[in-house]
Every structure is written in structure tokens, then in C-alpha cells.
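Me: Hi! Could you walk me through this one while I have it open?

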Amino acid sequence: MSSYMYYLLPAIGGYTLTSLFFLKNPQLLHKKKRTAFYATHISHRGGGGERIENTMEAFTNAVDCGTELLELDCHLTRDGHVIVSHDENLHRQTGRDVDVSDLNLEELPLYKDRLEVTFYDGESLSVSVQVCVCASVCVYQRESPSVCVCVSV
């Protein structure tokens with residue numbers, strides 16, 4: 001029994017010391033990953049607290065303010081059209097308790113005349129909604145080709 005201890009204790013001790021060494025120095029085993037894109041200014045929903053969320057006005061304002069990443073959410077209608085909307089359910093934006101995926105494009109309700117900006121309690125903004133029907137997906141492109149777009153589906 002004691003002869004096994006001569007081999008077992010150094011093996012366990014060496015394993016423990018080696019594990020602790022690499023735990024404190026992981027860069028010796030793993031190279032640091034390079035990020036594909038680094039953004040310091042991200043506009044969630046196009047800067048929904050400054051303009052009406054997910055509108056071209058919000059995205060344009062965000063780019064004018066120097067954003068580096070635009071984030072928007074998309075949902076599919078029942079007939080397969082892509083709709084830019086943060087919520088799957090349209091109750092907050094339209095007043096109708098219905099999901100985007102349950103409606104065809106023509107059946108989508110209009111936005112409310114006024115939407116409450118959730119970043120500031122009790123404050124609301126006037127909405128002027130422009131409905132655009134696109135045959136293909138458009139990526140926001142302007143004079144700033146350095147702005148990336150993050151689409152959440």
C-alpha cells in the first residue's frame with residue numbers, strides 16, 4: 001500500500017500544481033480572441049428613447065448622433081413578410097392584442113397616434129407612421145459605411 005503512495009502523491013500534487021498554474025495563466029494555453037467588430041455606441045431599436053422605436057427617423061437620428069451599431073427586431077407575418085417590430089404582440093404599439101405571426105401584411109393594424117416612451121414614465125411622443133412595403137431586405141446604407149446593423153429574428 002505504501003509503495004502506491006510514492007507514485008500517487010507526486011502525481012496528484014503535480015496535477016494540482018499544473019492546474020493552478022494554467023488557471024492563473026490561461027494565455028499560455030489559449031490565444032486571445034479578436035472581436036470581429038467593436039462598438040462603443042449601440043442604438044437599441046434605433047435609439048427608441050429619442051425617436052419612435054424601429055422607424056427610419058430613429059435610425060437616421062442614431063446615425064447622425066454617431067452610433068456604430070443599429071439593433072432592430074424582425075418578425076414574420078402569416079404570409080411571410082418581414083415586419084420590423086420589437087414585440088411579437090402588437091398591443092403596446094397598436095392597441096390590438098394580436099401577434100404579428102397571426103396576421104397577413106394587409107391585416108396589420110395602424111400604430112397608435114401617440115406612443116409612450118418607456119424610458120421616461122408618463123412622457124409620450126407623437127407618431128407619424130410611414131408604411132413601406134419592400135420586395136427585398138434592405139440594409140441601412142448612408143454616407144457612413146462603418147455603421148453595422150444587428151437584426152434579431
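Reply: Happy to. A contact here means heavy atoms within 4.5 Å. Among contacts in the protein with a separation of 6 or more, 47% come from residues 24 or more positions apart.

Me: Good to know. What sort of model is it?

Reply: This is a predicted model: local features need pLDDT of at least 70, side-chain atom pairs count only at pLDDT 80 or more, and totals for chains, interfaces and linings use all residues. Residues are numbered from 1 along each chain as its sequence is written, and side-chain values use heavy atoms, with hydrogens and water left out.

Me: How many helices and strands does the protein have?

Reply: Three helices and six strands, in the order α-β-α-β-β-α-β-β-β from the N terminus. These are DSSP runs numbered from the N terminus: helices are H or I with at least four residues, strands are E with at least two.

Me: Switching topic: how many salt bridges are in the whole structure?

Reply: Two, counting a side-chain nitrogen of Lys or Arg within 4 Å of a carboxyl oxygen of Asp or Glu. R78 and E107 form one of them, at 3.0 Å from N to O. That pair links distant parts of the chain, 29 residues apart: R78 is in the loop between β2 (69-76) and β3 (82-84), and E107 in the loop between α3 (91-94) and β4 (114-116).

Me: And which residue does D87 meet?

Reply: R92, in a salt bridge of 2.8 Å, N to O.

Me: What share of the 153 residues counts as buried?

Reply: 24%, where buried means under 20% relative accessible area, exposed over 50%, and partly exposed in between (1.4 Å probe, protein chains only). E107 is partly exposed at 36%, and R92 is partly exposed at 29%.
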